[in-house]
Amino acid sequence: MKWILLGILFCFPSWGFGSSDSREMVLAHSKKWLRLLHYKSYWFRGHRSSISDPGFFFSPDGAKDPYAELLASVKAFRERSQNTISRIPQPLACAFPARFRFLNEELNLGLKMPDCKSWDEFLGRFHGHDSVTLVFSTAFPNNPASMFGHSFLRINAKPRPGQEKLDLLDYGLGYAAQVPDDENNFLFIWFGLTGGYVGTFSSLPYYAKVAEYVNSESRDLWEYDLNFSKDETWWLLANAWEIEVNSSSPYYFFDENCSYAILTLLEVAKPDWDVSSYLFHNIPGETIKRIVRTSGAVRSVKFRPSLFKKLTAYGERLASNERREFFHWIRGEKTERPNAAVLDAVVQYFYYLKQQNGGVLSSSDNASFQDALVKRAT
């Protein structure tokens with residue numbers, strides 16, 4: 001028995017005597033580190049990162065070796081902390097704020113975070129990044145890439161003291177393929193299936209996203225407020241920044257798409273979540289179900305109907321005589337004393353018609369629209 005124990009200790013010295021690398025080895029296989037670098041575990045291949053761009057790694061084997069990448073990252077931060085890299089000239093720690101913070105805190109490196117103008121500007125765009133909302137947009141038939149819907153994030157700002165919280169003033173964070181406006185339909189399908197397009201993150205004010213989806217494209221939005229703290233939201237944004245400025249990844253319509261990218265960001269902030277794994281595909285609607293089924297993930301749900309759905313709802317409320325009056329109005333045959341329900345439906349109709357016509361109404365329709373607004377206001 002004594003010789004067996006000695007053999008085990010010599011074969012696995014970190015078990016018995018505490019190798020100097022044991023702490024780094026354990027950290028390299030922690031969920032947080034694996035999530036930060038988007039590693040997936042395969043029983044026949046070990047670890048592989050879904051990000052293959054060498055600009056995202058410090059070690060030549062970083063895409064497949066979490067331990068080698070951790071050691072190389074520590075070395076880089078210690079020795080080249082002022083070097084400029086990535087698409088934006090900036091100090092190394094500014095290009096990888098999440099990775100820098102993780103290693104600095106876990107290994108007590110004692111390194112100082114430099115001034116980061118570009119990173120600070122990006123983070124400041126989200127005005128306090130208080131929490132996260134997962135947004136699902138229903139299908140858009142006019143765009144094959146959106147035939148299964150689309151998902152993105154809304155980063156919720158903390159309201160200033162004494163001010164009302166307006167979610168339309170928050171910022172949306174999404175991931176999409178960069179497709180030329182004049183792309184050939186055959187090439188669009190081919191490149192979409194084979195990863196011929198590059199996926200990138202982008203952020204826009206949420207009111208612009210609502211105007212695009214709800215108004216212009218008449219798509220419903222489902223908003224799932226997630227149980228995220230301010231610090232967890234920071235980790236999500238920091239990782240999105242690292243990916244965007246240091247790498248480029250192919251976009252695949254059926255698996256590594258908008259939903260997959262969003263889910264992997266959520267896992268960075270919530271390492272215990274397992275929502276990005278898939279067997280054959282990652283359709284946005286199915287990925288929403290994974291979040292909803294995750295215990296404690298969703299705080300509340302809000303539905304934001306499209307213009308068409310609003311118009312349909314107003315129309316369904318009208319009695320038969322009110323519908324006749326509604327059709328008189330939209331044909332320009334105004335009645336003297338329309339009630340509020342008819343005017344609501346008329347106003348909603350012209351809103352919808354205006355969006356469908358690129359924001360323009362004919363002179364006669366515009367006159368009817370303005371008249372309906374005035375009468376409804378009284």
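Predicted model: local features only at pLDDT ≥ 70, side-chain atom pairs only at ≥ 80, totals over all residues.
Residues are numbered from 1 along each chain as its sequence is written, and side-chain values use heavy atoms, without hydrogens and water. Local features need pLDDT of at least 70 and side-chain atom pairs count only at pLDDT 80 or more, while totals for chains, interfaces and linings use all residues.

**Exercise 1.** Describe how helices H5 and H7 pack.

Step 1. Locate the helices (DSSP runs of H or I, at least four residues, numbered from the N terminus). H5 covers residues 66–79 and H7 covers residues 97–106.

Step 2. Take the axes (lines fitted to C-alpha atoms over the stretch in contact; angles run from 0 to 180 degrees between N-to-C directions). The angle is about 95°, and the axes are 11 Å apart.

Step 3. Classify the angle. H5 and H7 are therefore roughly perpendicular to each other, a class that spans 65 to 115 degrees.

Step 4. List the contacts (heavy atoms within 4.5 Å). Glu69, Leu70, Ser73, Val74 and Phe77 of H5 meet Arg99, Phe100 and Leu103 of H7.

**Exercise 2.** How many cavities of 30 Å³ or more are there, and what lines the largest cavity?

Step 1. Apply the cavity test (on a 1 Å grid over the protein atoms alone, a set of points where a 1.4 Å probe fits but cannot get out). The search finds two cavities of 30 Å³ or more.

Step 2. Find the lining (residues with an atom within 4 Å of a point). The largest cavity has 20 lining residues, with Ile51, Tyr175, Ile243, Ser249 and Ala261 nearest its centre.

Step 3. Name the main contributor. Helix H12 gives the most to this lining, four residues.

Key. Helix = DSSP H or I, 4+ residues; strand = E, 2+ residues; numbered from the N terminus. Parallel < 35°, antiparallel > 145°, perpendicular 65-115°, else oblique. 1 Å grid on protein atoms, 1.4 Å probe; cavity = no way out; pocket = protein on both sides within 12 Å on 5 of 7 lines; lining within 4 Å. Points joined across faces, edges and corners; volume = space filled by probe spheres on them.
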